[in-house]
Amino acid sequence: FESTDQPNDALFVVEGALRDPDLSLEQRKELSIIQADLLSQSKQFARLKELAETTPADLWPEDYRLFALAEASYGLGDDNAALNQYKELQKEFPRSPWLAPAIYGRAFVHQRLGQNPEAIHWFNQFYRMSKDEGQKAEALYNILVTQHQMAAWKDGIKTAEKFLAAFPQAPEVENAQYFLGYFHFKLQDYARAAGALQIFIDRYPQSALKTRALFYLGSSHQSQNNAPEALKFYDMVSADVSDVDLAASARKNKALVYLKEKQNEKAAEELHQMVELAATEVPDPDLILWLVEYDVSQQNYPQALQTLQKVKGRWSGENLGRAEYWSADIHRRNHQCNEALPAFDEVLKQDEDTSFKGLAYLGKADCLAQMQQYPQAQSLLKEVLEKYRNDTFVTLRAKFEAARLEEAQGHFEEASKLYMLVAVLYKDETIVPEALHRAGEIFEKLDRKADAVKVYTEIIRDYSGSSYFQKAQERIKVLQ
């Protein structure tokens with residue numbers, strides 16, 4: 001029964017035998033120790049402790065009693081008692097036949113207490129003492145596990161290589177090969193990591209660690225700028241949703257690969273899939289807000305709002321403020337100012353004085369303008385210009401919005417002056433070309449064709465990458 005890993009059945013047989021009154025003392029000693037070992041194997045630690053405390057001295061030698069008590073204490077979670085009992089056995093009985101297993105048990109106690117250097121020391125002691133190859137392999141593997149817990153990547157690589165060379169048939173060899181690749185990855189030695197992980201995947205295609213190995217293999221290729229290989233392995237990981245967090249991380253990394261290659265549409269698709277997976281890891285705010293901005297640029301407002309709704313409950317502080325701002329601004333862009341205004345007000349209530357808070361003021365001012373509440377909008381823009389006078393990002397946009405507000409009221413002369421002021425004061429690649437183009441349109445309305453041609457020419461000369469470049473060219477052809 002014991003050889004077939006059925007300790008409870010073996011225990012039943014032993015305890016039946018111990019009831020035999022005709023047993024000799026030596027037989028009873030032997031069976032009593034076997035009984036204790038089986039109680040430990042079957043995790044009946046309370047019974048083991050009781051047995052250790054009540055078995056007479058003529059059946060158990062004192063060194064074995066200490067060992068059994070230590071095993072029971074460890075099994076019952078009393079690590080301090082177990083450690084003291086193992087130590088006492090080592091001190092009092094240095095030639096005990098149970099010294100080696102006591103040292104091994106002590107190593108596990110240190111490991112569970114988080115005393116990793118001590119655990120490695122005693123695992124090493126046991127490794128040197130043991131003559132059993134299976135026990136030696138197990139001890140060396142436990143050193144490897146402890147080094148993983150310590151993030152001792154360099155030492156872990158040496159141990160993994162030693163293990164793989166010494167015990168190629170051990171049951172732990174699969175995990176040791178994985179650790180070797182993972183430790184190289186953590187040291188940013190991506191070429192060696194890729195090599196070790198590829199061996200792992202080739203040798204152990206059914207391993208429970210395969211998906212995780214594929215992820216780190218993809219990451220290793222990504223870090224070496226090998227996008228095709230990285231995407232190939234990330235595809236395998238993202239197809240397996242049994243580990244949602246890993247699949248989400250693969251989607252995120254695929255998006256980063258596509259962003260680097262300026263394939264924004266593919267990057268957005270991967271990020272949408274990542275959001276849908278609802279992984280436990282808090283989504284990267286910068287990536288999510290890039291996705292929202294991308295959807296907004298495609299005028300896919302429902303998708304942008306859905307993304308924000310899924311993630312903003314998991315953010316706080318400035319990131320939550322950024323999410324609230326975008327929710328409000330999407331409603332504004334969609335001319336839903338009844339919903340946008342209270343959302344902007346929520347952003348403005350926050351304590352942090354960020355640029356997004358400044359943009360919330362501008363969004364609110366635009367909504368007031370859309371609702372033709374021009375005096376309130378003008379007053380708010382003046383407040384923004386005063387409050388954020390040292391913030392170029394906000395003041396540029398505030399001046400631009402002030403010009404739009406004048407234009408909306410038909411104050412074309414004043415609007416053109418403000419648009420031109422924006423163009424003179426700033427060199428922004430997005431807003432300045434639009435300000436110049438709007439000024440040109442106003443000059444055309446005012447029959448000032450020469451001025452219109454002048455500003456359109458400025459767009460062509462200074463902002464050739466702008467979406468207004470072609471529009472400016474077309475207007476010049478018409479005007480000339």
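Q: Is Asp447 buried or exposed in this predicted model?
A: The model discussed here is a predicted one. A residue counts as exposed when its relative accessible area is over 50%. Asp447 has a relative accessible area of 58%, and therefore Asp447 is exposed.

Q: Where is Asp447 placed, and what is its phi?
A: Most residues other than glycine have a negative phi. Asp447 has a positive value although this residue is not glycine. Its place is in the loop between α24 (431-445) and α25 (449-462), and its phi is near 60 degrees.

Q: Which loop holds Ala151, a residue with a positive phi although it is not a glycine?
A: The phi of Ala151 is about 60 degrees. With a relative accessibility of 38%, Ala151 counts as partly exposed. Ala151 is found in the loop between α8 (133-150) and α9 (153-166).

Q: How many salt bridges does the structure hold?
A: A salt bridge requires a side-chain nitrogen of Lys or Arg within 4 Å of a carboxyl oxygen of Asp or Glu. By this criterion, the number of salt bridges in the structure is 27.

Q: Which helices hold Lys254 and Asp235?
A: Lys254 forms a salt bridge with Asp235, and their closest N and O atoms are 2.5 Å apart. The pair ties together parts that are 19 residues apart in sequence, because Lys254 lies in helix α14 (residues 244-260) and Asp235 in helix α13.

Q: Is Lys254 buried or exposed?
A: The partner of Lys254 in the salt bridge is Asp235, and Asp235 is partly exposed at 38% relative accessible area. A residue under 20% counts as buried. Lys254 has a relative accessibility of 4%, so Lys254 is buried.

Q: How many residues apart in sequence are the parts tied together by Lys364 and Asp345?
A: The side chains of Lys364 and Asp345 meet in a salt bridge of 2.9 Å, N to O. Lys364 lies in helix α20 (residues 355-370) and Asp345 in helix α19 (residues 337-348), so the parts tied together are apart in sequence by 19 residues.

Q: Which residues are linked in a network of salt bridges?
A: The network includes aspartates, arginines and a glutamate. Its members are Asp329, Arg332, Arg333, Asp366, Glu401 and Arg404.

Q: What is the handedness of the crossing of α15 and α16, and how many nonpolar residues does the contact have?
A: The crossing of α15 and α16 is left-handed. Residues in the contact include Leu271 and Val275 of α15 and Trp290 and Leu291 of α16. By class, the contact has 2 charged residues, 2 polar residues and, as the number asked for, 10 nonpolar residues.

Terms used. Residues numbered from 1 in each chain as written. Predicted model: local features only at pLDDT ≥ 70, side-chain atom pairs only at ≥ 80, totals over all residues. Heavy atoms only, no water. Helix = DSSP H or I, 4+ residues; strand = E, 2+ residues; numbered from the N terminus. Buried < 20%, exposed > 50% of the residue type's maximum accessible area, 1.4 Å probe, protein only. Left-handed = near helix turned anticlockwise from the far one by under 90°. Contact = heavy atoms within 4.5 Å. Nonpolar A, V, L, I, M, F, W, Y, C, P; charged D, E, K, R; others polar.
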